[in-house]
Amino acid sequence: MNKITIRGVGKTFRVRGEGRPFAALSGIDLDVRAGEFLTLVGPSGCGKSTLLDLIAGLTAPTSGTLHLDGRPINGPGLDRGVVFQQYALFPWRTALGNIEFGLEAKAVPGKERAERARHFLELVGLGGFADRYPHELSGGMRQRVAIARSLAFDPEVLLMDEPFAALDAQTRESLQEELLSIWEKTGKTIVFITHGIDEAVYLGQRVAIMTSRPGRIKQIIDVAFDSRAGDLRAEPRFGEYRHHIWTLLRDEVAAARRDEVLSVG
Amino acid sequence: MADNQGTALAPVEEFPGDVHWYDLPDDDADPEEADEPSDTRFRRILRKTRSLLGRSAAVALLLAIWEILPRTGIVDRVFLPPLSEVVGAGYDLIVSGELGEHVGASLGRSLAGFVLAIVTVIPLGLLIGWYQPVADFLTPLLELFRNTSAVALLPVFTLILGLGETAKITFVLYACAWPILLNTISGVKTVDPLLIKSARSMGLGPLRLFQKVILPAAVPTIFTGIRLAGAYSILVLLFAEMVGAKAGLGYLINAAQFNFRIPDMYAGILTISLLGLLFNQLLVTLERRFSTWRTT
């Protein structure tokens, strides 16, 4: 069963001072299954974030259609939660207040709001930090709060835009592990953008590889391990997946670089 | 000013050409206090007194010079009476109730203009910051007016509104309006786009977005404007009170000078300084409370 259906989606931007429009995405066909963890990798500038914005309903496609549960996506909504790389926490609100933000948007009554926010803060392991302001938290803690905020209003789909890219390696790994366990517990559909192949293989049930600009879906690879227990990264299968995706991406990265040189020169 | 030309209204921390005697460094940060918690109480008090003395050394020096120069005859004591004489004159003014009356009149006008400016200008600034068409329409006009000194417009206020309270309060309002307006506009315009995007992704409409994101994000910047306006409200009032007033500190200073009550004049000037200092300190404290979340 498909949660999100994307058909022939293209997005072009008008560049100021230039006559020709700039094509970020073209002809995207993608199905996201209900409850799956899909990771999306591609060279930088391939339009990954644009695709996520389209699913979030923050922008409209130039061509093609996007559907969520069979209904066309016409704008943002609380059935989708977005987690950004730079956390996007409201600095004047405490950790708890930030989580309550989405619940206020959903018009959850006051008492229940605090209770639910507390529950999700504990889910991400920050029970003792309810009254801290974002600037009093580390990067990893901020991203946990952001994840808790997106989970709290109970969206069906979690859209994550390179959420761990700004964190150090150790924090990243522990957050990846936690995200997986949250995903298993909650059964959310997750679309996760990354430029790290390791991350894509480690997290995704399927990995979608995008081409360089204008972004297209080049290939989708099923990632299956016999067991997720233990050190997944040490398994030979992990290395095979990694290498396979790396090979697919290499040409795209080279193409992206050529493109960059051309546009600069 | 040249760097502001053509761009949108930039946030204004200072108006060019003004003297910033009121912007003294903050006193709260005391790095010495943080370490050595096991210190004895006596030594702490001693250290605190010493740092207080150190900070006020320049002021004390100035006051000492003020006392000594006229006494030794280096400066004509008719034009610059020693500090002790000025303090004595101030004391007499306090006892006679005259000073209280002038301070009351001045504070009333300052506060009226200041509060009116806050009430009317913040909504206007929010409107200009939020609706681009309003901004496009008003920005050229605002650029013109904000580069016209308030003091230059004082005769216009007097001509149109007369010599009464209305002109004086309007004048203060006008001067206070600019820092508040420009800071409010920039506060609204400089909200982190990512926060807006994040709120939009949660389905917030324009109105709720404004109420829950734009406004709280802009509060610290707006408050900076309010603090500056507070200083202006006292600063510019003096000008207004030197024309056709029967009470107020500006009147006191002016009248004392005309009647050659020089110590009284200096007492008036000192009062103004203290008043400005006090008001600014109050607003700084308030500002800090409103922007605890703002780092660096």
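In strand β4 of chain A, T5(A) has H67(A) as its bridge partner. Strands β1 (residues 2-13) and β4 (residues 63-68) of chain A pair in the antiparallel sense over five bridges; pairing requires that DSSP find at least two bridges between two strands. Helices (H or I, at least four residues) and strands (E, at least two) are DSSP runs, numbered from the N terminus.

This is a predicted model, in which local features need pLDDT of at least 70, side-chain atom pairs count only at pLDDT 80 or more, and totals for chains, interfaces and linings use all residues. Residues are numbered from 1 along each chain as its sequence is written, chains are lettered from A in the order in which they are written, and side-chain values use heavy atoms, without hydrogens and water.

The open sheet of chain A has four strands in the antiparallel order β2-β1-β4-β5. Its edge strands, β2 (22-33) and β5 (71-72), each pair on one side only.

I turn to the aromatic residues. Over all chains there are 12 aromatic pairs, meaning rings of Phe, Tyr and Trp (its six-membered ring) with centres within 6.5 Å; planes under 30 degrees apart count as stacked, over 60 as edge-to-face and the rest as tilted. W66(B) and Y266(B) are edge-to-face, because their ring centres lie 5.8 Å apart and their planes stand at 65 degrees. This pair links helix α3 (residues 57-72) with helix α12 (residues 262-290) of chain B, 200 residues apart. Both W66(B) and Y266(B) are buried, that is, under 20% relative accessible area with a 1.4 Å probe, protein chains only (exposed is over 50%, partly exposed in between).
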